Amino acid sequence: MSAESLKEAFFERDSFEVAEALIGCRLCRKSSDQVISKYTISEIEVYDGFEDRASHAFKGKTKRNSVMFGPAGRLYVYLCYGKHWMLNITTQRYGYPAAILIRALSECEGPGRLTKRLSIDGGFNDLVANKNNSIWFENRASQTVQLKKMPRVGVAYSGPVWSQKPFRYCLDS
DNA sequence: CATTCGATCGGG
DNA sequence: CCGATCGAATGA
């Protein structure tokens with residue numbers, strides 16, 4: 001039985017449910033020379049809703065964050081600190097801003113490093129994650145994984161309450 | 001228009 | 001610990 005490719009419906013639900021299901025899944029990428037690589041997702045962060053002070057969406061819809069307000073299963077890719085591309089996958093229904101940041105793969109630590117490794121840049125923003133776009137997700141083989149929840153990284157600006165919420169999900173290996 | 005500031009990383 | 005590096009956000 002081959003792995004199942006994750007569809008829009010997988011992402012169109014509560015962001016924290018998606019996070020629990022997404023950790024341990026595979027991020028798949030087909031390079032320009034048609035070689036397929038698959039990586040285990042080991043660290044992610046949830047940015048959900050209108051109240052989350054650490055989320056780009058907190059101050060409302062802008063040109064940059066508009067993808068977060070769109071339908072689920074889209075890539076939200078933005079430039080951070082002038083040099084690093086951050087890869088997110090959107091969750092929830094149209095109109096509700098939410099996304100999950102991919103922070104690490106078992107084979108590559110760091111949100112900026114993994115986009116460089118997979119050759120992902122701003123051109124991928126708002127793309128649907130599917131095989132046609134050479135980037136997609138696949139279900140994990142085992143039903144259960146060990147995960148730990150901890151505070152998100154680099155969001156001190158959001159204040160003590162929001163910066164300390166355990167919205168970072170790490171694969172416990 | 002000027003200035004500030006990042007959902008980070010690599011080098012010293 | 002600090003500089004890189006640049007677009008979005010903010011304020012004059």
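User: Is Arg168 buried or exposed?

Analyst: Buried means under 20% relative accessible area, exposed means over 50%, and partly exposed lies in between, with a 1.4 Å probe and protein chains only. Arg168 has a relative accessible area of 15%, so Arg168 is buried. The model is predicted: local features need pLDDT of at least 70, side-chain atom pairs count only at pLDDT 80 or more, and totals for chains, interfaces and linings use all residues. Side-chain values use heavy atoms, without hydrogens and water, and residues are numbered from 1 along each chain as its sequence is written.

User: In which strand does Arg168 lie?

Analyst: Strands are DSSP runs of E, at least two residues, numbered from the N terminus. Arg168 belongs to β9, residues 168-171.

User: Which residues is Arg168 in contact with?

Analyst: Contact means heavy atoms within 4.5 Å. Beyond its neighbours within four places in sequence, Arg168 has contacts that include Glu43, Arg103, Lys148 and Val153. A polar contact is a pair of N or O atoms within 3.5 Å; within protein, one must be able to donate a hydrogen and the other to accept it, and residues adjacent in sequence count only if both atoms are side-chain atoms. The side chains of Arg168 and Glu43 form one of 2.9 Å.

User: What is the phi of Gln92, and where is Gln92 placed?

Analyst: Gln92 is not a glycine, yet its phi is positive, about 65°. The residue sits in the loop between β4 (84-90) and β5 (98-105). Gln92 counts as buried because its relative accessibility is 12%.

Definitions and conventions:
Chains are lettered from A and ligands numbered from 1 in the order in which they are written. Helices (H or I, at least four residues) and strands (E, at least two) are DSSP runs, numbered from the N terminus.
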